[in-house]
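This report describes the pockets of the structure shown below and the residues that line them.

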Amino acid sequence: MKRLLGVTLGILTAIGGFVDIGDLVANSLTGARFGMSLAWVVIVGVIGIIVFAEMAGRVATVSQRPVFDLVRERLGARTALVNLGASFFVNFLTLAAELGGVALALQLATSVNYLLWVPIVAFLLWVVIWHWKFETMERVYGLLGLALLGFIVALWKLGPDWSTLFSNATHPSVPHGEGHPTWFYYAIALFGAAMTPYEVFFFSSGAVEEKWTTKDLMTSRLNVYIGFPLGAVLSLSIMACSAVVFQPHGIQVDHLGQVGLPVSIALGKLGLAAILLGFFAATFGAAIETSMSAGYTIAQYFGWAWGKLVRPAQAARYHTVVLLTLFAATGLALSTIDPVKVTEYSIVLSAAALPLTYFPILVVANDRQFMGSHVNSKFTNGIALIYLLIILVVSVATIPLMLATKAGM
Amino acid sequence: MVSAAATAELAAQTMLDDKAFGPFVNVNVTNAEEDANSIAATFDSVQPPDAASDKLRNAVDTAMQAATSALADLRIAVRRRQLEEVRKALSDLTKARSELQKLETVA
């Protein structure tokens, strides 16, 4: 039972990380526009995040040192500062997008303009981060996020032609009327949505906060092996719902409200209520993760005391960074910039910034000085190196593709 | 424009089928109307390249006006929860969308 409860860290990370505003939008958008032809990217992405998070969790558990502490030590202070700047910026954009996402979910439930919800959401977020225990946060938002399973039920109720969906997913091709550059641009967006670095900052820092030891490595792996695949199944079901309902009508997904429409059509008000709750929980959970990750990255780089379990007076700088980042992200969300557009840019830039954190973790995971007998196995290294190559290619291709396709237009 | 109209149609239909809450339908229809208005304004600001294009421009403009007008009627009816008016606006919107789809094929 204790181990089962321990898995909630993975579920929170998966629901609030793998399935956040980025995934909700990216999967629905690509499903409506490209059908299931980009489903393979979700699979590639989930294997990548499993490899990355498992290594980061193992490194944090064995060395009792989180990601950015090791990044600085491995890359040196100057290079790691560039790394910190890029990671913090992407994390900041993601936080603004998540804040907007929570506000949009509340707008869908109340009709009250999302801009009025943003400051209230930011305040609630601060209260939760300040007052709630780490475990309570994990369990409440992780488990509420399971309401998103409604997408799987909705897909079944929609009664699609399963063989066509499966064939479309297993024989990917660029749909008629779409160009290869746009198709690949959205493939990168999906990959970035699946492998957002903050998931790893949060997961590995969480492992240190929960004082995991080598005895907890199995729990860490269970978190990764259950949580992320669950997130991937949800992502695929969101994509499939959009492919079934929107693609035949030529509908493009530009708003969070559209993402919930297939569930409303299939399951009615009860399903819709569950999905709106799921939207709220997933985006709020991700907002918690990104807010705390902002504090984690900076505090770990500078060697300050950090974490929820440290008394605020002893980790004042960590809490100040979290609060200031939250203020700034609230300002960006209130600027009337479209949260869905912020989301689209943040996931694509996440993909571009991935090597900055992936590579140092891969190096440390192979360092016997830190890891002892828990270094990467040959099998893990084989997969990890393939992913390093994929991540590098994606990182190099992201900006040219963004410019060539005018961000997927 | 076709995408916005089709989204609003689906959302309104869920209201008629009692499958969605009023605020959810309202937000979807309002977003669709804003998108359609933005597209219509962008289209109107484009200079037709030659006199021969004027005919097509007028036809598209008329269809777009019909769609944006039906979307406005739909939004009003949804907010007032007048189901009969929702049905009427939905019918007008479906016609306007069909017209736009025909013009897409011509273009």
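## Lining of the largest pocket

By class, 24 nonpolar, 17 polar and 8 charged residues make up the lining of the largest pocket in this predicted model (Ala, Val, Leu, Ile, Met, Phe, Trp, Tyr, Cys and Pro count as nonpolar, Asp, Glu, Lys and Arg as charged, and the others, Gly among them, as polar). The lining comprises 49 residues, and A:Gln252, B:Met1, B:Ser3, B:Ile39 and B:Glu104 lie nearest the centre of the pocket. A pocket is an open set of points on a 1 Å grid over the protein atoms alone where a 1.4 Å probe fits, with protein on both sides within 12 Å along at least five of seven lines; lining residues have an atom within 4 Å of a point.

The space in this pocket amounts to about 1,300 Å³, where a volume is the space filled by probe spheres set on the points, joined across faces, edges and corners. At least two lining residues come from each of H3 (21-34) and H16 (339-365) of chain A and H1 (2-16), H2 (22-44), H3 (51-80) and H4 (83-106) of chain B. H2(B) contributes the most, 7 residues. Helices are DSSP runs (H or I, at least four residues), numbered from the N terminus.

## Second largest pocket

The second largest pocket has a volume of about 460 Å³. Its lining has 22 residues, with A:Leu104, A:Gln107, A:Tyr114, B:Asn31 and B:Glu34 closest to the centre. H2(B) gives the most to this lining, with 6 residues. The classes are 8 nonpolar, 9 polar and 5 charged residues.

## Basis

Residues are numbered from 1 along each chain as its sequence is written, and chains are lettered from A and ligands numbered from 1 in the order in which they are written. In this predicted model local features need pLDDT of at least 70, side-chain atom pairs count only at pLDDT 80 or more, and totals for chains, interfaces and linings use all residues, while side-chain values use heavy atoms, with hydrogens and water left out.
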